[in-house]
Amino acid sequence: MKYFRKMIEHHIPVNDDEWASACEIFDIKHVKKGTIVHRAGEVFSEIWFIKSGLARSYFSDMNGKEHTWQLYFRGKSKHGLNHFMDDSVSFYEKSGSMLHFETLEDSTFYVTSLDALDKFISRDKKWALLASKWIHNTYYSATYKRVLSLMSETAAQRYARLLDEYPLILKQVKSYHIASYLGVAPQTLSKLKNESR
């Protein structure tokens, strides 16, 4: 959890007692490669912070084709969105998630229920401030930009944005998952890689 603490301390100061209290609400889970940790249609009621490994969220269209919504891994990123697996829209609207969540390699997570997290945050204004900053920076801002990018940018522009936001992604994630995330065919991704060299 040291990495998690370091991320938090970019936004607010945290002493050892506060950190110990925060850690108490999380359990550690080891998950084998290929495990679906959450299925579309079910309410997503937890938040998963990735300690190690690789996972993705995806949905299937009416023809059964899978589309990767987000990739989750530990590594340098501009927004930190890829560190947390959750679907708070599903949780707060008490509706079935539109996404499946799957591990792509053996992975380890720190997991807590969103109910427990909400109760913890409500104890201190400091944590509420962190939550509001994080919701904006890692969820609202990043998701807003991703949706607009998919709707308005060329494949080359989306690829350049991806490398800017996740500089090490090509070393960590398989090409076909990256292609799905960008909304392009694997052949198009290969072409983009070659053109950027």
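Which residues lie nearest the centre of the largest pocket? In this predicted model, the positions nearest that centre are Ile-47, Asp-86, Asp-87, Ser-88 and Tyr-139, which belong to a lining of 39 residues. Helices H1 (2-8), H2 (16-23), H3 (88-93), H4 (114-121) and H5, together with strand E5 (66-73), each give two or more residues to this lining. The largest share is that of H5, which provides nine residues. The pocket has a volume of about 1,000 Å³. Its lining comprises 28 nonpolar residues, eight polar residues and three charged residues.

A search of the whole structure identified two cavities of 30 Å³ or more, and the largest cavity holds about 110 Å³ of space. Leucine contributes Leu-150, Leu-162 and Leu-182 to the lining of this cavity, and arginine contributes Arg-146, Arg-158 and Arg-161. Ser-149, Glu-165 and Tyr-181 complete the set. By class, the lining of the largest cavity consists of four nonpolar, four charged and one polar residue.

The greatest contribution to the lining of the largest cavity is made by H6, with four residues.

Key: Residues numbered from 1 in each chain as written. Predicted model: local features only at pLDDT ≥ 70, side-chain atom pairs only at ≥ 80, totals over all residues. Heavy atoms only, no water. 1 Å grid on protein atoms, 1.4 Å probe; cavity = no way out; pocket = protein on both sides within 12 Å on 5 of 7 lines; lining within 4 Å. Points joined across faces, edges and corners; volume = space filled by probe spheres on them. Nonpolar A, V, L, I, M, F, W, Y, C, P; charged D, E, K, R; others polar.
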